[in-house]
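Happy to walk through this one with you.

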Amino acid sequence: KRGMTSTQYQDIEKVESNARTYARRFNITVAKAEGVWVWDTEGNKYLDALGNAGTLAFGHNNPTLNKAAIEFFSSGLPYQALDLTTTSKHAFVQTLFSLLPAAMRDNARIQMCNAAGTDAAEAAIKLCKTATGRGDIMCFSGGYHGQTQGALAMMGNTHAKDIKNLTPGVHFLPYPYPYRCPMGLGEDGTKVILNYLENLLDDPESGILKPAAIILEPIQGEGGVIPAPIEFLQGLRRITLERDIPLIFDEIQCGFCRSGKVFAFEYADVVPDVLLLSKALGGGQPLACVIYDKKLDTWAPGAHTGTFRGNQLAMHLGKVSMDMMVNDKICEHVIEVGAHLVDGLKKLQAETSCIGDIRGKGLMIGIELVDFTAKPNHLGSLPADGDLALAVQRGCFKRKMIIERGGRHGATMRFLSALNITKEEIDMCLAIFSESLKEAEAAKKAAQ
């Protein structure tokens, strides 16, 4: 088997787009996967703390989901059905609606989308512009909603969106980020941001028209795993309700028990007008949808379509996956093992100098690495150190763990494992991460 990985990897590398990402950092050829483990063609076994960017709620090749897939293929159901009603679609929608808070479920409508979260974002913006007759959108620095034209225009990362003539009329607001508060106030910045937004919307000289919608992630993912404070989500809901502005929550990554709640917005005891779902929605298969208040349902038949919006396998597995989340009490498990992970990370933080912030909820955890040789700012925060994070990522991969980075300068290590990961597997992740972090920190100190 020796050499097979490099040969196959190189074959694909020769023909694949320059836009590829993960394959640049993890140069293996995957042969099989099970649970939180991945094997390459040379027999190397890797811990997977990436989980297909948070898609695989129950890890790779979960036996229950595999059995359900085999049952589907033997059922005679069509693979695809556009927006036709099928028995699997009916069961899927009924189960999904049962997970919604009652205040949202009673007035909900659903639009199935093509097989990516970015299409859900595009559909939601189209929906709100149609319903309100307005054209501008407000979003947040650090936000990520996909890579198509409209979604890209709403992205915070300025490097990724260096494309001409993106969707116009998009305005950015500061997002609460206590460790690097955009208002320079730390935890107190939340109130200031809400006051700023309220004034902006009411000021006839603000220069910004009343928007068709405001969109945000209750926990920013690509932006660095930054949870919106409960006070912020509640304040934002009040402000938008008072001004009749649709509020969109993008839970494509943080939804489906990832945060320790079925939906992360439930921590704030509010409901949005529009909810974006994908990733774990399809039980490991590609699927996306928009759930929204029926008062917005003013668009015409055919206003948003897509060839693969009727992915029946994804609906079948999505229903089974949602049942497992409830029956196996996955939220409780996520809170328990997530706390175990954070406890281990805090111990590591006390032993080292380069962990500036540990944040997140449940099993959506970010560890921001900082330049410990620099001077802190007035909040006590050190500069982000993307180079150190890259060294840690490479150290983890050398020790057979796959983990991704994100946030400002790529300095935040992001933990997005399967939700059914065990404490013992968490301990393995912590051991590898600890060794890699200490090695990278020592190398930086030696280079001074």
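Q: Which residues have the most contacts inside the largest nonpolar core?
A: This is a predicted model, in which local features need pLDDT of at least 70 and side-chain atom pairs count only at pLDDT 80 or more, while totals for chains, interfaces and linings use all residues. Residues are numbered from 1 along each chain as its sequence is written, and side-chain values use heavy atoms, with hydrogens and water left out. A nonpolar core here is a set of buried (under 20% relative accessible area, 1.4 Å probe, protein chains only) Ala, Val, Leu, Ile, Met, Phe, Trp, Tyr and Cys residues joined through side-chain atoms within 4.5 Å. The largest such core has 99 residues, and those with the most contacts inside it are F256 and F433.

Q: How are α12 and α14 oriented relative to each other?
A: Helices (H or I, at least four residues) and strands (E, at least two) are DSSP runs, numbered from the N terminus. Helix α12 (residues 330-351) packs on helix α14 (residues 423-447) at an angle of about 20 degrees, with axes 10 Å apart; axes are lines fitted to C-alpha atoms over the stretch in contact, and angles run from 0 to 180 degrees between N-to-C directions. Angles under 35 degrees count as roughly parallel. The two helices, α12 and α14, are therefore roughly parallel.

Q: How many nonpolar, polar and charged residues make up the contact of α12 with α14?
A: Residues of α12 including V337, L341, L345 and L348 meet residues of α14 including I426, L430, F433 and L437. Ala, Val, Leu, Ile, Met, Phe, Trp, Tyr, Cys and Pro count as nonpolar, Asp, Glu, Lys and Arg as charged, and the others, Gly among them, as polar. By these classes the contact of α12 with α14 has eight nonpolar, three polar and five charged residues.

Q: How many nonpolar, polar and charged residues are in the contact of α9 with α10?
A: The axes of helix α9 (residues 189-202) and helix α10 (residues 230-242) come within 10 Å and cross at roughly 10 degrees, so α9 and α10 are roughly parallel. Among the residues that meet are I193, L194 and L197 in α9, and F232, L236 and I239 in α10. The contact of α9 with α10 divides into seven nonpolar, two polar and five charged residues.

Q: Is K279 buried, partly exposed or exposed?
A: K279 sits in the loop between β11 (274-277) and β12 (288-293). Its phi is positive, about 45 degrees, although K279 is not a glycine. With partly exposed running between under 20% (buried) and over 50% (exposed), the 22% relative accessibility of K279 makes it partly exposed.

Q: Is D371 buried or exposed?
A: D371 is found in the loop between β14 (364-369) and α13 (386-398). Leaving aside neighbours within four places in sequence, D371 is in contact with L382, P383, D385 and K444. The relative accessible area of D371 is 18%, so D371 is buried.

Definitions and conventions: Angles under 35 degrees count as roughly parallel, over 145 as roughly antiparallel, 65 to 115 as roughly perpendicular and the rest as oblique. Contact means heavy atoms within 4.5 Å.
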